[in-house]
Amino acid sequence: MDLLNTLVDKGLRRELPTRDEALAVLATSDDELLDVVAAAGKVRRQWFGRRVKLNYLVNLKSGLCPEDCSYCSQRLGSKAEILKYTWIKPDEAEKAASAGVAGGAKRVCLVASGRGPTDRDVDRVSKTIEAIKGQHEDVEVCACLGLLSEGQAERLKSAGADAYNHNLNTSEGTYGDITTTHTYADRVDTVQQAQAAGLSACSGLIAGMGETDADLVDVVFSLRELDPDSVPVNFLIPMEGTPLAKDWHLTPQRCLRILAMVRFVCPDVEVRLAGGREVHLRSMQPLALNLVNSIFLGDYLTSEGQAGQTDLDMIADAGFEVEGAGTQTLPEHRAEPSAGCGSHEGGCAPCGDSPRTAPEPAEAQAARTDLVAVRRRGAGTDLAPNA
């Protein structure tokens, strides 16, 4: 396909595709799917070889969030039967993190529910970072605590945090349909605060919330402009007790097309296959390793993932290798302090606007609610974590 040849050439040059080209990837047929995966795989291998970075989540505070994000089982008014607990102690968090590191994780992601941290919360997380770094000097620590206030990013950086995660989640045009208690601009501001403090920015999206192809392209182009080092791609886990519990829109094939589009738009960025991969990609997860260079190991915040050893076996069976602690994840040009949005050849401005049109409805499939399992182990429990 001329489209795929063009996208590979642009990806190898770090050049931004046009909006129409990104939309065309999402519109490809199932018959073309392996060609799409192979093309995006060339771009992935150019910048990341066959390495897969492992990340491990530690949920420091679960549930009881005052925000109303429709996709979240921890939201205000959620009836999801998830684990609910207040801040776990630094030594508990360190123990959970150690299980992930022992399983091969290079980065530990410390997450807490809530609108954003208080200064006391930042102190708590700082002590937790120190406890983890005290046992695992080389491990990367990413904090995900919600909207940041002035000076908090700098404090987390001083405590030893390497990165900060705050996802855009969906397009600016549809953000108000998903969340009303804060704005899209609030999220952008927090990512920029993290970048200004010298933290590696991690920001991504959630697919499967009823968005159009144009919405997906909008948010990925916005992420390219924001220029985070890491872009997690989540697929909605429709948890019972949340407003989106009936939103089962994704197929394994669509998930792969979304990942390929993200790789073409963000060729030299750490693209992470995040929440929902087991639920929606299912047996096609190994194919996704040709598109992403990073995954989460073990469980998520409120739902269970597949066994850590299963992840390791999948990576090996697919011909990939776990990225070692001493290996630099990002290409050299991105690892330099001066690397930023302006360093990309072709610039980062979206190329033209396309009308918002709803995707063709997929053939109805029975919702696989049996694949969603509420987390009952790890942080906040007496049971060993899944790593």
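Let's start with a pair of cysteines: Cys 109 has Cys 142 in β3 as its bridge partner. Helices (H or I, at least four residues) and strands (E, at least two) are DSSP runs, numbered from the N terminus. The model is a predicted one, in which local features need pLDDT of at least 70, side-chain atom pairs count only at pLDDT 80 or more, and totals for chains, interfaces and linings use all residues. Residues are numbered from 1 along each chain as its sequence is written, and side-chain values use heavy atoms, leaving out hydrogens and water.

Strands β2 and β3 (residues 140-144) run parallel, paired over 5 bridges; pairing requires at least two DSSP bridges between two strands. On β2, Arg 107, Cys 109 and Val 111 point one way, while Val 108, Leu 110 and Ala 112 point the other, and all are buried (under 20% relative accessible area, with exposed over 50% and partly exposed in between; 1.4 Å probe, protein chains only).

## Crossover to β3

β2, helix α5 (residues 119-135) and β3 form a right-handed β-α-β unit. Right-handed here means that, with the strands pointing away from the viewer, the path from the first strand over the helix to the second runs clockwise.

## Helix α6

Now for α6 (residues 152-159), where Gln 152, Ala 153, Leu 156 and Ala 159 are the buried residues. They line one face of the helix, because they fall within an arc of 125° seen down the axis of α6, taking the directions from the helix axis to the C-beta atoms.

These buried residues pack against α5, β3, β4 (163-165) and α8 (184-196), contact being heavy atoms within 4.5 Å.
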